[in-house]
Amino acid sequence: APDVFWRQPLARGFGNPQYNEGRNIAEAEVEATTADRIAAFDNLARRTADVYFAAAYTRARLRNAEGAIARAERLREYVRGNQRLGIAEQQDLLQAEAQLAGRRAEREALWLAWVQSRTVLNRLLVRGWDAELELVLPVTTAVPSPEALRPAAEEHSPELARLNARVQQAEAVIERNRDSARDQFDAVLSAGSRTFAGDTAAGSVSMRTACSVWPRS
């Protein structure tokens, strides 16, 4: 048997595609995992922003409801005064009372919605659930055009990063399968001493070789 044996693929396996494509698949998986992590943070930030603006809207409606209650109370007192003067009927007072009750019921519903939004925000911000919040809305500025926002969106989009990783994985698998479909054709070298001896039609033969190279399919 030879002492040294060396094989060089010339068709299937040339360039060590198993290693290269396996590395490409592993790198694509790392990229996809990173994109998933970024997407999780992105979703959390989006949820926080949605809750924040919903809470700010509820808070503004709650302030308006407080003002509506104050106006309804003034209207009730006005109707009571007119009733004492004899220029308003009991029906007018009942309508004023019903309007005030409706405004108070609306305020209670908005207060519950505000407490719920505040609780969610405090938990997202790792604060006490009942901690007070001072909501400050940003100053309205001109919204950039979609074309101006597109490069940044494409660069930082986790969904696009995931899709790109899947494409890389698919291309690596295709290349690996393509290599498996190639014919097996290797150049093989063996080095060492080998003795060939035996009888032939012309007589006996005996020789020793040190090195041999041949293709093998």
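This is a predicted model: local features need pLDDT of at least 70, side-chain atom pairs count only at pLDDT 80 or more; totals for chains, interfaces and linings use all residues.
1. Residues are numbered from 1 along each chain as its sequence is written, and side-chain values use heavy atoms, with hydrogens and water left out.

2. Overall layout. The protein chain has four helices and three strands, in the order β-α-α-α-α-β-β from the N terminus. Helices (H or I, at least four residues) and strands (E, at least two) are DSSP runs, numbered from the N terminus. Of the 217 residues, 21% count as buried; here buried means under 20% relative accessible area, exposed over 50%, and partly exposed in between, with a 1.4 Å probe and protein chains only. As for contacts (heavy atoms within 4.5 Å), residues 24 or more positions apart account for 69% of those with a separation of 6 or more.

3. The core. Which residues make up the largest nonpolar core? There are eleven: V51, A55, A56, L62, A65, L110, W114, V115, L121, L133 and L135. Both α1 and α2 supply at least two residues each, and α1 gives the most, with five. The term covers a set of buried Ala, Val, Leu, Ile, Met, Phe, Trp, Tyr and Cys residues joined through side-chain atoms within 4.5 Å. As background, nonpolar side chains tend to be buried together in soluble globular proteins.

4. Leaving aside neighbours within four places in sequence, L121 is in contact with T48, V51, Y52, A55, L133 and L135. S117, also placed in α2 (residues 90–124), touches V51 and A55 when residues up to four places away are not counted. S117 counts as buried because its relative accessibility is 14%. The buried residues of α2 also include R118, T119 and N122.

5. Geometry of α2. Its 35 residues should span 51 Å at 1.5 Å a residue, and the end C-alpha atoms are 51 Å apart, so the two agree. The expected span is 1.5 Å times one less than the number of residues. Just after α2, V126 takes a positive phi of about 55°, although V126 is not a glycine. V126 lies in the loop between α2 and α3 (146–156) and is exposed, because its relative accessible area is 75%.

6. R80, in helix α1 (residues 17–85). Is R80 buried or partly exposed? At 29% relative accessibility, R80 counts as partly exposed. The R80 side chain makes a polar contact with the side chain of E77 at 3.2 Å. That term means a pair of N or O atoms within 3.5 Å; within protein, one must be able to donate a hydrogen and the other to accept it, and residues adjacent in sequence count only if both atoms are side-chain atoms. Not counting residues up to four places away, R80 touches L93 and E97.

7. Aromatics. The count comes to one aromatic pair: Y52 and F53, edge-to-face, 5.7 Å centre to centre with 85° between the planes. Rings of Phe, Tyr and Trp (its six-membered ring) pair if their centres lie within 6.5 Å; planes under 30 degrees apart count as stacked, over 60 as edge-to-face and the rest as tilted. Y52 is partly exposed at 23%, and F53 is partly exposed at 46%.
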